[in-house]
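This report covers the overall build of one chain, its annotated segments and two local sites. The sequence and model come before the details.

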Amino acid sequence: MTENGDATPLVVLEGVDKHFGSLHVLRDINLTISRGEVLVVIGPSGGGKSTLCRAINRLESIDGGTILFDGRPLPEEGKALARLRSEVGMVFQSFNLFAHKTILENVTLGPIKVRGVAKAQAEQRGMELLERVGIGAQAAKYPAQLSGGQQQRVAIARALAMDPKMILFDEPTSALDPEMVQEVLDVMIGLARDGMTMMVVTHEMGFARRAANRVVFMAEGQIVEENTPDEFFTNARTDRAKDFLSKILTH
Amino acid sequence: MDDLIKYAPDLLAGFLKNVQLSAVCAVLSLILGTVLVSMRVSPTPVLRAAGTAYVNIVRNTPLTLVLAFSALGLSDTLDVTFSDDPGSNSFWLVVLGLSLYTATFVCEALRSGINTVPMGQAEAARAIGLTFLQSLTMIILPQAFRAVIAPLGSVIIAMIKNTTVAIAAGYLAESAFVMKDTFDDTGVSIPIFLGIVVAFMIITLPIGFLTGWLANRLAVAR
């Protein structure tokens with residue numbers, strides 16, 4: 001998991017707590033993500049998976065505990081927080097492509113405005129990334145003209161354009177029509193093979209088995225179980241995980 | 001009809017002042033309204049409170065009082081003057097009062113536009129490392145503007161017609177004042193009334209059509 005030889009973990013969460021009003025969505029979360037690791041987070045709805053994912057680039061603030069990214073605590077606000085976010089890619093369930101910008105502009109905006117890359121250079125790199133996710137021919141279109149699967153692949157290219165240290169995927173295939181799920185998963189599996197550090201909230205068992213190094217099972221705001229994909233899916237230790245798996249695997 | 005033809009040059013000169021006031025106030029109130037809405041949605045509580053207080057006070061004050069305050073309060077009492085020439089000074093006092101007033105309506109139109117932009121747009125903007133101001137100016141406001149072009153057209157049309165109360169700030173050159181002045185010589189003249197109405201409609205009707213057309217053309221597809 002640490003092929004590049006750097007032994008310090010990329011993300012360390014210690015005793016993280018988070019409430020939404022009276023709802024305790026994250027309870028004493030301790031989790032470490034190594035460089036190059038692909039971590040799949042799985043579990044029932046409302047279990048805190050998305051909140052955990054969003055806490056790592058501070059789209060959600062936390063009430064207690066610490067989150068270290070690349071050895072440093074997450075900045076609370078301002079320029080430092082913007083810089084951290086530019087190093088952590090994020091792919092959303094609902095794509096969230098900038099609706100008034102073309103596909104290519106979606107991919108080049110961050111490099112140009114955040115990194116100060118020259119426009120021509122950003123566009124060249126943007127086109128390379130769009131080709132890589134198979135959307136090169138659509139570069140001049142607007143997001144609403146693309147299918148969901150295409151939009152999500154653009155969103156992945158947009159995240160890659162920032163050369164992030166890791167990418168967070170918050171249920172990236174949950175809003176897609178079934179026939180479009182695989183094209184997005186294929187891109188993600190490619191990224192995993194290339195050594196990208198990824199945290200993926202998903203219900204796609206196939207992806208977890210093929211690409212994940214580790215599976216974390218979350219329910220009621222807690223990490224209930226952590227294991228390798230094979231062990232977890234064939235031989236879950238806790239009743240909560242067995243119960244969950246029996247409901248999603250029997251069909 | 002003879003009165004209208006006889007006094008047409010004076011009335012036209014007055015109407016051109018309405019057009020001048022409108023042009024300057026439209027630019028200033030759009031800029032100031034954008035600044036105000038940025039304050040109202042900013043993450044800084046002090047800016048939010050200041051923006052909210054300003055909008056609620058100025059928007060709910062009658063325009064004639066805002067203009068009278070510009071002239072009597074600012075200019076006469078506090079000695080805020082734009083020019084030594086009284087005509088020019090009162091022109092800019094009207095511009096000040098009317099822009100400060102119209103900006104509150106621009107702000108509120110834009111704020112409803114911001115509410116049409118899905119939350120995910122701002123999250124995606126922040127997630128690639130844009131600062132608050134960058135997300136606002138590059139992602140949120142461009143989409144918000146497109147959503148409220150038609151209501152902004154109504155705000156501007158109302159503002160153009162509001163230039164006819166400029167006398168409240170002591171400005172004596174625009175068409176409504178010239179009309180009343182003319183009536184002192186001619187008695188009330190229906191053709192003159194109608195002539196001025198038509199002149200305003202020549203400006204305001206196309207604005208209504210243009211903004212309606214632009215609203216459709218520039219609508220953001222989701």
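## Conventions

A contact here means heavy atoms within 4.5 Å. By that criterion, residues 24 or more positions apart account for 77% of the contacts in chain B with a separation of 6 or more.

This is a predicted model, in which local features need pLDDT of at least 70 and side-chain atom pairs count only at pLDDT 80 or more, while totals for chains, interfaces and linings use all residues; side-chain values use heavy atoms, with hydrogens and water left out. Residues are numbered from 1 along each chain as its sequence is written, with chains lettered from A and ligands numbered from 1 in the order in which they are written.

## Chain B overall

Chain B contains nine helices and zero strands (DSSP runs numbered from the N terminus: H or I of at least four residues for helices, E of at least two for strands). Its C-alpha trace spans about 70 × 45 × 25 Å along the principal axes.

Of the 222 residues of chain B, 45% are buried, where buried means under 20% relative accessible area, exposed over 50% and partly exposed in between (1.4 Å probe, protein chains only). The accessible surface of the chain is about 10,800 Å², and carbon and sulfur atoms make up 69% of that surface. These areas come from the Shrake-Rupley method with a 1.4 Å probe; for residues, only the protein chains shown count as cover.

## Annotated segments

UniProt, in an unreviewed entry, places "domain: ABC transmembrane type-1" at residues 15-211 of chain B. Its positions are given in the numbering used here, feature names are shortened, and annotations may be inferred rather than shown by experiment. The span 15-211 is 80% helix and 0% strand, with end C-alpha atoms 23 Å apart.

The unreviewed entry also lists "transmembrane region" at several places in chain B, including residues 20-41 and 53-71. Residues 20-41 of chain B are 95% helix, and their end C-alpha atoms lie 32 Å apart. For residues 53-71 of chain B the values are 84% helix and 23 Å.

## Two local sites

Thr104(B) sits in helix H4 (residues 86-114) of chain B. Thr104(B) is buried, at a relative accessible area of 0%. Leaving out residues up to four places away in sequence, Thr104(B) touches Leu36(B), Tyr54(B), Val55(B), Val58(B) and Arg59(B).

In chain A, helix H2 (residues 78-87) has buried residues that include Leu81(A), Leu84(A) and Arg85(A). The buried residues of H2(A) pack against several elements of chain A, among them helix H1 (49-56) and strand E4 (64-69), and also against helix H5 (119-127) of chain B.
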